[in-house]
Amino acid sequence: MIQDVETLLNSYRRWLEDETQVRQVDEWVEITTPYLDRHNDFLQIYVKRDGDGYLLSDDAYTIEDLELSGCDLGSERRHRLLETTLNGFGVRLNGETRALETHASGSDFALRKHGLVQAMLAVNDLFVLAAPVVTNVFLDEVTAWLDNFNIRYTASVMFAGNSGFGHRFDFVIPHSMEYPERIVRVVNNPNRDRVQSVTFAWLDTQHARPSDSRAYAILNDSGQRVSEQVHWALSSYGVTPLAWTTREESVDELVR
């Protein structure tokens, strides 16, 4: 089994390396990643020298795109959620430029780049459906649902992966006499990139968790169709997909 996982991780790394492009843009270097945003455009980040290290930035793309799409990030609750999400990836919001930023040295550049890209995906996923017609951010809805059924959990937990990257999970439900540890990611916009992010995070951190730990992805299928391919891809890599519209069927598996 460990050889299979190592093969999958190596395949992921090759894909990431082969599909990444760089070019010079004035004092910045533009990095085009293979990850897609919700417009099916490749995510881009920018890097420049900053003292003895490097400044990495999304050039304010993530926040400006959400605001132009009608997502109001001005409320205290959403701003707090945004900050909590960014902190989990070691990324900060520049109050003047509205850019998502992180600093890196030569030794941790790959880790910081990974954190910035994952933060862009996570912020977009949190708020993509949070237009004025939507009253709650999906993560808030999931949290309220867990609380309503007295499901025990620790929120926003970071695990170190075998690759050296850190991976944040939304909830960890501790083991009980009946069930092993359950590790949960909330996926607001279930698409290819989010599936890849979840499966890579799980494969990369499995070694650090008890051997019987289980991974789950709670998928937001309210008002949007989640393809069978998403369910199949998650299941193939050992992550159990849980559809939000049929969440009551999963209560017993999580509450015990």
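Colleague: How do the residues lining the largest cavity divide into nonpolar, polar and charged?

Modeller: Keep in mind that this is a predicted model. The lining of the largest cavity splits into seven nonpolar, three polar and five charged residues.

Colleague: And which residues lie nearest its centre?

Modeller: Those are Asp125, Arg168, Asp170, Val186 and Arg194, out of 15 lining residues for the largest cavity.

Colleague: What's the volume of the largest cavity?

Modeller: About 140 Å³. The structure holds four cavities of 30 Å³ or more.

Colleague: Which elements supply at least two residues each to the lining of the largest cavity?

Modeller: Helix 4 (109-127), helix 5, strand 8 (166-173), strand 9 (182-187) and helix 6. Helix 4 gives the most, with four residues.

Colleague: OK, how much space lies in the second largest cavity?

Modeller: About 110 Å³. Leu36, Asp37, Arg38, Leu121 and Asn124 are the closest to the centre of that second largest cavity, which has 15 lining residues. Helix 2 (61-68), helix 4 and helix 6 each give two or more residues to its lining.

Colleague: Which helix gives the most to the lining of the largest pocket?

Modeller: Helix 6, with six residues. Helix 1 (2-18), helix 6 (192-205) and helix 7 (228-236) each supply at least two.

Colleague: New topic, aromatics. How many aromatic pairs are there?

Modeller: Six aromatic pairs. One of them is Phe138 with Trp244, edge-to-face, at 5.2 Å centre to centre and 90° between the planes.

Colleague: Where do Phe138 and Trp244 lie?

Modeller: Phe138 is in helix 5 (residues 138-148), while Trp244 is in the loop between strand 11 (239-243) and helix 8 (251-255), so their pairing ties together parts 106 residues apart in sequence.

Colleague: Is Phe138 buried or exposed?

Modeller: Phe138 counts as buried, at 4% relative accessibility. Trp244 is buried too, with a relative accessible area of 5%.

Colleague: What about Trp145 and Phe149, what sort of aromatic pair do they form?

Modeller: Trp145 and Phe149 are edge-to-face, 6.1 Å centre to centre with 70° between the planes. Trp145 counts as buried at 8% relative accessibility, whereas Phe149 counts as partly exposed at 29%. Ring pairs link Phe138, Trp145, Phe149 and Trp244 into a cluster.

Colleague: Last one, Ser57. Where is Ser57 found?

Modeller: In strand 4 (residues 53-57).

Colleague: Why does Ser57 count as buried?

Modeller: Because its relative accessibility is 5%, and buried means under 20%.

Colleague: What does the side chain of Ser57 reach?

Modeller: The backbone nitrogen of Asp59, at 2.8 Å. Leaving aside neighbours within four places in sequence, Ser57 is in contact with Trp28, Ile45, Tyr46, Ala99, Leu100, Glu101 and Leu116.

Methods. Residues are numbered from 1 along each chain as its sequence is written. This is a predicted model: local features need pLDDT of at least 70, side-chain atom pairs count only at pLDDT 80 or more; totals for chains, interfaces and linings use all residues. Side-chain values use heavy atoms; hydrogens and water are left out. Buried means under 20% relative accessible area, exposed over 50%, partly exposed in between (1.4 Å probe, protein chains only). A polar contact is a pair of N or O atoms within 3.5 Å; within protein, one must be able to donate a hydrogen and the other to accept it, and residues adjacent in sequence count only if both atoms are side-chain atoms. Contact means heavy atoms within 4.5 Å. Rings of Phe, Tyr and Trp (its six-membered ring) pair if their centres lie within 6.5 Å; planes under 30 degrees apart count as stacked, over 60 as edge-to-face and the rest as tilted. On a 1 Å grid over the protein atoms alone, a cavity is a set of points where a 1.4 Å probe fits but cannot get out, and a pocket is an open set with protein on both sides within 12 Å along at least five of seven lines; lining residues have an atom within 4 Å of a point. Grid points are joined across faces, edges and corners, and a volume is the space filled by probe spheres set on the points. Ala, Val, Leu, Ile, Met, Phe, Trp, Tyr, Cys and Pro count as nonpolar, Asp, Glu, Lys and Arg as charged, and the others, Gly among them, as polar.
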